[in-house]
Amino acid sequence: MNGKLLTVGILLLQALCGQVFGQNNGFNRQQIHQDLYWLRYHNRIFLSDKWEWQAHADDRRHFYPNVRHHFLFRAQPFFHISENVSLSQGFVYAMQHPHEPMNLSELAVPELRPFQEVVVKNDLGEWQIRHRYRLEERFFRRADDERLLAGYNFNWRVRYQLQLQRRLFKLNQSRGVHFRIAEEVMINMGRNVEYNVFDQSRFSAAFFVNLSDHFDLELGYSHWYQQLRDGESFFNRNIYRMTLYHNIDLRP
């Protein structure tokens with residue numbers, strides 16, 4: 001069963017990645033290189049053996065000049081069907097600042113993003129395999145180059161992430177140092193999507209450290225490759241992440 005789940009995940013990931021090459025053959029790709037850093041806080045509250053609450057705040061900034069690129073807040077309850085399968089309905093509120101760091105505009109465009117998620121976990125030897133399937137309904141506030149306009153644009157987005165994690169060594173009986181590696185692919189859908197059906201690919205690698213019973217720290221790197229709406233331009237981003245995980249256990 002474990003091998004079948006991993007095989008299905010890898011095949012799906014390969015099929016989604018094929019959108020990048022199949023859709024863009026013959027294009028002269030213009031790549032926009034950027035370096036960013038993300039500071040993140042992730043809160044987990046364990047309410048019972050079946051229910052869990054998560055909230056996440058993410059401040060994404062350019063290195064130079066040190067200006068905000070994106071701010072995101074996500075909240076979602078999880079229902080654990082079993083030890084290995086979880087369901088979630090969540091909501092994201094995001095503010096998109098100018099993509100170009102030298103742009104002095106203070107315009108920030110809001111996005112409202114409900115989403116549904118299924119997480120499946122299984123073990124393969126010393127590795128823990130995690131499949132995340134997410135469907136997003138994205139509402140973007142209409143805007144021009146200078147101001148927000150009335151109303152919202154809408155499109156769907158499908159995301160699949162395959163993550164592998166392995167403990168490198170123990171610090172004590174309950175804490176350790178872990179290594180994570182992941183690949184996520186996102187596909188746009190909807191009548192407003194013309195050229196960028198492939199949205200983006202994110203590869204990431206990180207070290208995850210259990211600091212205490214309540215706090216964990218993740219230090220990692222992500223490579224973000226995203227197609228723009230013209231179909232020919234791409235963001236090629238190096239991202240350095242630091243995430244503080246705060247765990248609160250309210251189970252009896």
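1. The names follow a rule: strands are DSSP runs of E with at least two residues, numbered from the N terminus. Residues count from 1 along each chain as its sequence is written. Note that this is a predicted model, in which local features need pLDDT of at least 70, side-chain atom pairs count only at pLDDT 80 or more, and totals for chains, interfaces and linings use all residues.

2. S1 covers residues 30–46, and pairs with S2 in the antiparallel sense over 11 bridges. Two strands count as paired if DSSP finds at least two bridges between them. Another bridge links phenylalanine 46 to glutamate 52 in S2.

3. Which strand pairs with S2 over 11 bridges in the antiparallel sense, besides the one in point 2? It is S3, residues 68–80. Here glutamine 54 stands opposite glutamine 76 in S3. S2 and S3 also make a hairpin, with five residues between them.

4. Is S2 mostly covered or mostly open? Strand S2, residues 51–62, is mostly covered, with nine of its 12 residues buried. Buried means under 20% relative accessible area, exposed means over 50%, and partly exposed lies in between (1.4 Å probe, protein chains only).

5. Now the whole sheet. 11 strands close into a barrel, in the order S1-S2-S3-S4-S5-S6-S7-S8-S9-S10-S11, and the pairing is mixed. In general, strands of a sheet pair through backbone hydrogen bonds, either parallel or antiparallel.

Note on methods: Side-chain values use heavy atoms; hydrogens and water are left out. Helices (H or I, at least four residues) and strands (E, at least two) are DSSP runs, numbered from the N terminus.
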